[in-house]
Amino acid sequence: MIKTKMDLKECIDVENRVNYSWKDSKGRLKSFITYDHTYVITRYLYYLRHEEYHRNNDGFCHKMLELFWARRKNKLGNKIGLTIPANVFEKGLVIYHVGSIVVNGEAKVGRNCQLHGNNCIGNNGKSSKAPVIGDNCDIGIGAKIIGDICLGDDIVIGANSVVNKSCVTDESVLVGIPAKIIKQRNRKVCHEVSR
């Protein structure tokens, strides 16, 4: 949770480092001029993190600035297809592609999550509860994680998989509809994900 200016700066620095596809100022300028997707994604994350900082602090000015940053984030998000509420992701969020990423505000996701695009992290329509996901989760393109479930650390979710059951075993690979564990801590397995 971003509470101080130092937390905000650290989070933005980490996400700029992992989301930028260039390393020098010339590349950044080119990306800005061409409105490259990495530039747009880092702008979106910058707005998101500022919204979180102001939401997590008290005072009239913070509440007004929270609205300002939320509007900027939502305006850009509507253009590029990203819907990510404040205070869902810990620092280190990586988004590889713009387009259709929808996240429920009740979800909680740990550090260094990777989203490849066309993802949904939300409730199952029967209750408002959403997934809780550990650190270092890699969510493949088109993958969906739905329902009141928990996922452990270092989980990899294959492309187009639908995860609707918990998997608290760290370092697992989940694929399929519904998702099943195919690999676990460098061992091959093939059974359904446990609840």
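Which residue takes a positive phi in the hairpin of strand 13 and strand 14? Keep that in mind as you explore this predicted model.

Stop 1: Select residues 172-175, which form strand 13, and then residues 180-184, which form strand 14. The two strands run antiparallel and pair over four bridges; look for Val-175, whose bridge partner in strand 14 is Lys-180. Four residues sit between the strands, and here is your answer: Gly-176 has the positive phi, near 105 degrees.

**Stop 2: the other partner of strand 13.** Ile-157 has Leu-174 as its bridge partner. In a regular strand, side chains alternate between the two faces of the sheet. Colour Ser-172 and Leu-174 to see the covered face of strand 13, and Val-173 and Val-175 to see the uncovered one.

**Stop 3: Arg-49.** Show the side chains of Arg-49 and Glu-15, which meet in a salt bridge at 2.5 Å, N to O. This pair links distant parts of the chain, helix 3 and helix 1, 34 residues apart. Arg-49 counts as buried because its relative accessibility is 1%, below the 20% cut-off. Next, select Glu-52: this buried residue also forms a salt bridge with Arg-49, at 2.8 Å between the closest N and O atoms.

**Stop 4: helix 3 to helix 4.** Finally, pick Glu-66 and Arg-55, another salt bridge, at 2.8 Å. Glu-66 lies in helix 4 and Arg-55 in helix 3, so the pair ties together parts eleven residues apart in sequence.

Definitions and conventions: Residues numbered from 1 in each chain as written. Predicted model: local features only at pLDDT ≥ 70, side-chain atom pairs only at ≥ 80, totals over all residues. Heavy atoms only, no water. Buried < 20%, exposed > 50% of the residue type's maximum accessible area, 1.4 Å probe, protein only. Pairing = 2+ DSSP bridges. Salt bridge = Lys/Arg side-chain N within 4 Å of Asp/Glu carboxyl O.
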